[in-house]
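Subject: Model for your files, with interface notes

Hello,

The structure is below, and my notes on its interfaces follow. Please read them alongside the coordinates.

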Amino acid sequence: MTMALSGQYMTNGLLAAGVLLLKVLAVIMPITVVVAYLTYVERKVIGYMQRRIGPHRVGYRGLLQPFADVFKLLLKEVLVPASANRFLFLTAPFLALVPALATWAVVPFWRGAALANVDAGLLYVLAMTSMTVYGIILAGWSSNSKYALLGAMRSAAQMVAYEIAMGFALVGVIMASNSLNLDRIVVAQAGGLHHWYIWPLLPLAVVYFICGVAETNRAPFDVAEGESEIVAGFHVEYSGAGFALFFLAEYANMILISALVSIFFVGGWLSPFEGLVPILGKPGLHWLALKMAFFLFCFLWFRATFPRYRYDQIMRLGWKVFIPLTLLWIGLECVWKAVGFGPWF
Amino acid sequence: MPLAMSGLILVALAACAVLLLGLFRPQLAYPATQVFLAAAVVVELMTGTSSGHWWGGLFVQDAFAAFIKPVLLVVSMAVFLYGRPMVSRWPQGEYYTLGLLAVAGMLILTSAGHLLTLFLGLELMSLALYAMVALDRDNDMASEAAMKYFMLGGLSSGMLLYGFSLLYGITGTMNLQAMALALGGAGAPGSAVVVALTFALAGTAFKLGVAPFHMWLPDVYEGSPAAVTLFVGAAPKVAALVLLARLVGQGAQANLAIWQPALMVLALVSMAVGSFGALWQQNIKRLLAYSAIAHMGFVLLGALAGSEAGYGASIFYMTSYAVMSTAAFGVVLVVCQMAQTERIADYAGLAERSPWLAAVMMLTMFSLAGVPPLLGFMAKLEVIRAAVGAGAVRLAVLAVLLSVVAAFYYLRVVKVMYMDAPTVALGRSPDVTVPADIKLVLGLNGAMILLLGMMPGHVLHWCQQALRGFLLPS
Amino acid sequence: MLPALPFYLASAFLIGASLGVVGSRNPVYAALFLVLAFVSAAVLWLLAGAEFLAMALVVVYVGAVMVLFLFVVMMIDVRLAVLHRSFVRYLPLGVLVAVAMMVQIIAALRGLAQGAGHAFPEGGNTEALGTLIYTRFLYPFEIAGLILLLAIVAAIALTLRRREGTRHQDPGRQVLVRKQDRLRLWRLPPHQASGEQLPASAQREDT
């Protein structure tokens, strides 16, 4: 009897694990494909902005270019520098990638459609994004190269500085929605375009997005790579698959930040025409995808437009501008919440 | 919000105000600090009588707190006054902000009826002290002292917290009164209580500077700039005794059998280490450090009785010690400014050079040695009486013998000041005029040692009054 | 046993990582073991239902404190051999003390195993925690704020050194710069050869 019960328990457990695995794959596979094509779009967008064509050789208009890149990177030899710390050197790319993918566990794609719809989802997001820095630091240290170490140091200081402003920006969202659950944060923004948090929390949204750009080490905050001063920063010694993993992590993080901005500030899967236009007003994944596409475009746009920040300017912006700004706005929001401001609070 | 909290809030606000003043008007930081502290004394005296328990014992105002808080504030005021010439080169806003926050921590600790506030107050005080020791950054000795202080202070906080967590685990409450009841009840497992109290006592002994947990004390006293040594050696000692009284006296009052022997050992070792250790010290601050260790042993003599009268004697001893050590360090500070020396041998000829200083120092040294009719004698008498009352007659006899040993090195300082020929340091030192207010307060301080020694009745009575109702009726 | 498996697993990781912190010869490894220890502790809290504490532990310690720690450890050059020697010298004594303490504590606390301790409420407790902190425990919370203020003041007072002669940027002054501060127009006689001293006849033209 007990044997049968425990057997049933086992099969149920296995079944649940299998379903979970499929779900995880259903999230990770599309992300990987999007990453691949994001690189393609990046080169195309920046190309057109600079009056070039961009990749156009492999496949129709270069559409197969990402796959060519992937094959190239995977077939290359993985080089480990002579006096590098081998174990950490090979682990670091995974440490960079794992948090980038793990955060997706709580991201809702539409109502209730998250791998784990947990109550403290937002805290989980903060915890995971704060761990991405380890891959970079360890890569920089284990490479035993001064450029890599410099890049890692820059990255560490930068991440710590911007994480605080990022957290404060999210405090504003938490206060507005009364929830730490990502699903409920989106639901709290229902009721039309003017209910989105981007309006009352505009400075926080801007700060959050800029911090997101800084946290992903993208231009104009890419001093951790800084190819003009420190060659390629933390991943200067990486080749082949290791480099590909860092690449994957960086782009997965970009997509993640876009998704989070969409969820926190512009209504996630909600339609901007909610309650106005019959069919267009319906919520759905496509709205989230569109919003993410816009923010991803912004990432590329910034890279094509802005020169790289100087390091002390980055620190100044983080500590002396963003943190006071977010604190000020949180204070203001407290007052608004107390008096009941607009349709939001 | 309880009215009795006003003094604490005033001090906390003062810390913020002084921080800002330090940025814009550094020269006003010191007077503002004194004005705020004086105001806090007045507020404490006015509101201190409104006793009660708030928020489950997080804030407690009783006669004990009402007595201790003005003492802490007044002692801190004197300390800031004596230290002013020395700290005038340091960042003013920061120094006085840290000092005020330390005072706020002591006030919190004094009014704590709950493990949480007990610990937070203690940490607020300790962290401020570590930073104050290191504040003069060009002074390598001070940095080293700060490092030692910080390391061992952190260790002791860890032990204290471990003891707290065990106590919470055993009793399920952090309120000291409820804890006393739970620990006294039949359900408390004896061996676990022993472990918990051992850790708590060890942590407290560290903070109090009682041997064998005294290793940090001589180094910190010697390494710190004299102004900070004075601060560390006065009010925080009173606060540490408050910690002992609240935690062991109130929280574990039912477990006298566990901690009384431990306190006896601590007291004896401390008096012995302090008395013998000071004999061959050449540095006046180091000597006073060992003297502090010995005096903490005497303080424990009163506390180990575990009765209200015993704690009253302890508090009286500690208050007297604060007065005496403030006076002693006040003179040390002036000499430090005058002759740039801390060697005892360099005090030779102080009586000729500055009879006023030498007289105050002599009075203080006699008092620390326990010579009648000075304050130190009355204090010793009270704690020994308490110890005898608790049945620790042999310990009391040993205490008297050890205080005779200790008298030797106190008298040596007097001998050097009055009988030895001046050395180079004091002889060729430039004429540094001692500010009139410091002279005046030093004189008052010395007068207190004399007058309170001759007429201790009032203060003693207050101390005994303050402890009325401190323990649960058994 | 089976439901408690995650607990034992996380505990084993915690203990192993803690041993690693103490035992590692390389300070960077020690710091990384400490990170692992924090993560394991967070998992333990998560298993106990304290998800806010678990996440806060990860955000604060793993995400910020340990990053700075690693930052420092990577910058200083720690002599591994010297560290190792003193480690080996004190190892027997340390192990002896540790074992003795552990045995005593276990012996003393054995009777405590059942009964004591409070279970966490089912499900989310972030809200309950917040409510408690801002109502019943507001006073200690404010004291914690004072301690943090103190930490800020102390850290800055101990580390900030205004060095003379550094050229740092002041964006406020940069923004306030006006044309007159940077640009001067001189009227030069047209026949004067270039590269020579400005002639006395050159006149400042008011802009």
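Between chain C and chain B, two residue pairs are in polar contact, both at pLDDT 80 or more (a pair of N or O atoms within 3.5 Å; within protein, one must be able to donate a hydrogen and the other to accept it, and residues adjacent in sequence count only if both atoms are side-chain atoms). Helix H4 (80-109) and helix H6 (138-159) of chain C are the elements giving two or more residues to the side that touches chain B (helices are DSSP runs of H or I, at least four residues, numbered from the N terminus). H6(C) gives the most, with twelve residues.

This is a predicted model: local features need pLDDT of at least 70, side-chain atom pairs count only at pLDDT 80 or more, and totals for chains, interfaces and linings use all residues. Residues are numbered from 1 along each chain as its sequence is written, chains are lettered from A and ligands numbered from 1 in the order written, and side-chain values use heavy atoms, with hydrogens and water left out.

Chain C and chain B bury about 2,700 Å² between them, 79% of it on carbon and sulfur atoms (accessible area, 1.4 Å probe, lost by two parts on being put together, summed over both). Tyr139(C), Leu150(C) and Leu158(C) lose the most area in chain C, together 25% of what that side buries.

Chain A and chain C bury about 2,100 Å², 78% of it on carbon and sulfur atoms. Of the area chain A buries there, Tyr134(A), Trp141(A) and Met153(A) supply 27%.

Regards
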